Amino acid sequence: MNTPAPVETPIERLLAMLAVDMDGVAGLIRERMASRHAPRIPEVTAHLVGAGGKRLRPLLTLAAARLCGYRGADHLKLAATVEFIHTATLLHDDVVDESARRRGRPTANLLWDNKSSVLVGDYLFARAFQLMVEPGNLQVLDILSNAAAVIAEGEVLQLTAAANLATDEAVYLQVIRGKTAALFSAATEAGAVIAGAEPEAVRALRDYGDALGIAFQIADDLLDYRGTDDRLGKNVGDDFRERKMSLPVIRALAQADAAERGFWVRVIEKGEQREGDLAAAMAIMARHGSLDSTRDTALDHAARARSALSPLPEGPIRAQLADLADFVVARLV
């Protein structure tokens with residue numbers, strides 16, 4: 001019996017279409033993460049880079065540039081910039097969240113220490129700014145530097161929103177725009193700008209990245225309660241244990257009776273978690289339909305991402321970007 005070939009994902013198809021460009025980005029990353037004086041920098045960075053990951057954000061920059069007809073090479077530097085910013089934020093996030101796993105492997109802060117993770121993250125941010133300046137495009141510099149500021153702002157906002165039962169959906173959306181959607185949006189917008197695209201196309205790709213990033217993060221937050229360790233590369237219930245006010249919790253809390261509110265006060269606000277509390281939280285969310293409504297919201301943002309592409313020229317890259325919008329939420333259906 002012949003075993004059917006595995007179905008390629010939109011990411012894999014985009015990687016195949018842009019393989020030469022991605023090789024160029026990989027070479028830039030290896031070159032710029034090197035350090036003659038501090039060998040720990042490439043050690044820590046190589047550990048995280050070696051853990052895999054889909055390289056989705058730099059791929060978005062390359063795809064946006066090529067979709068808009070770009071024929072130069074500066075998009076490689078912008079894609080590497082995006083990946084350095086993303087990797088730096090992962091290093092910092094794992095320290096803040098006291099995480100032990102990333103992409104199924106021990107985190108850098110666990111293998112080395114918090115100081116190394118923070119300082120290597122700072123180094124990668126510095127490298128990102130060096131790279132984003134090199135194309136000499138002030139609009140691109142504005143887009144990417146603003147994204148770096150929004151990301152940092154979102155992480156600080158998440159700190160204040162965590163364990164705060166007053167956190168509502170508006171604050172949650174602001175947090176995930178900062179921590180995820182801002183870089184997706186900057187990645188696609190910068191690719192369009194470096195290609196010299198018309199304002200309508202730049203706006204379309206910016207809106208696509210924003211909606212895609214929101215769908216991606218809402219799906220990730222939902223899978224923290226509905227996923228499996230193997231699929232997530234992290235522990236199911238990590239957000240609950242870290243007392244994060246993600247969308248399923250916010251919506252369940254909004255419908256809570258007195259007893260349920262008391263439960264949320266104890267486990268989230270006070271952090272007094274006991275054996276069986278995760279299962280109890282999931283039962284409350286299921287009872288109020290907050291898991292299903294969160295899925296529907298993720299699907300809605302994925303649909304917005306797909307529709308945002310309509311002003312752009314049809315072709316294989318646009319088709320894969322549209323399929324990608326469906327792919328990031330396919331694991332929820």
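Guide: Let us begin with Met-282, which lies in helix 15 (residues 277-288); helices here are DSSP runs of H or I with at least four residues, and strands are runs of E with at least two, numbered from the N terminus. This is a predicted model, in which local features need pLDDT of at least 70 and side-chain atom pairs count only at pLDDT 80 or more, while totals for chains, interfaces and linings use all residues. Residues are numbered from 1 along each chain as its sequence is written, and side-chain values use heavy atoms, leaving out hydrogens and water.

Visitor: Is Met-282 buried, partly exposed or exposed?

Guide: Buried means under 20% relative accessible area, exposed over 50%, and partly exposed in between, with a 1.4 Å probe and protein chains only. Met-282 has a relative accessible area of 26%, so the residue is partly exposed.

Visitor: Which residues does Met-282 touch, not counting those up to four places away in sequence?

Guide: Contact means heavy atoms within 4.5 Å; with that exclusion, Met-282 touches Tyr-225 and Leu-291.

Visitor: And what is the relative accessible area of Arg-251?

Guide: Arg-251, placed in helix 13 (residues 247-254), has a value of 15% and is therefore buried. Beyond four places in sequence, its contacts include Glu-169 and Ser-290.

Visitor: How many residues has the largest nonpolar core?

Guide: A nonpolar core is a set of buried Ala, Val, Leu, Ile, Met, Phe, Trp, Tyr and Cys residues joined through side-chain atoms within 4.5 Å. The largest one here has 101 residues, and Leu-60 is among those with the most contacts inside it. Helix 10 (residues 199-226) gives the most to this core, with 14 residues.
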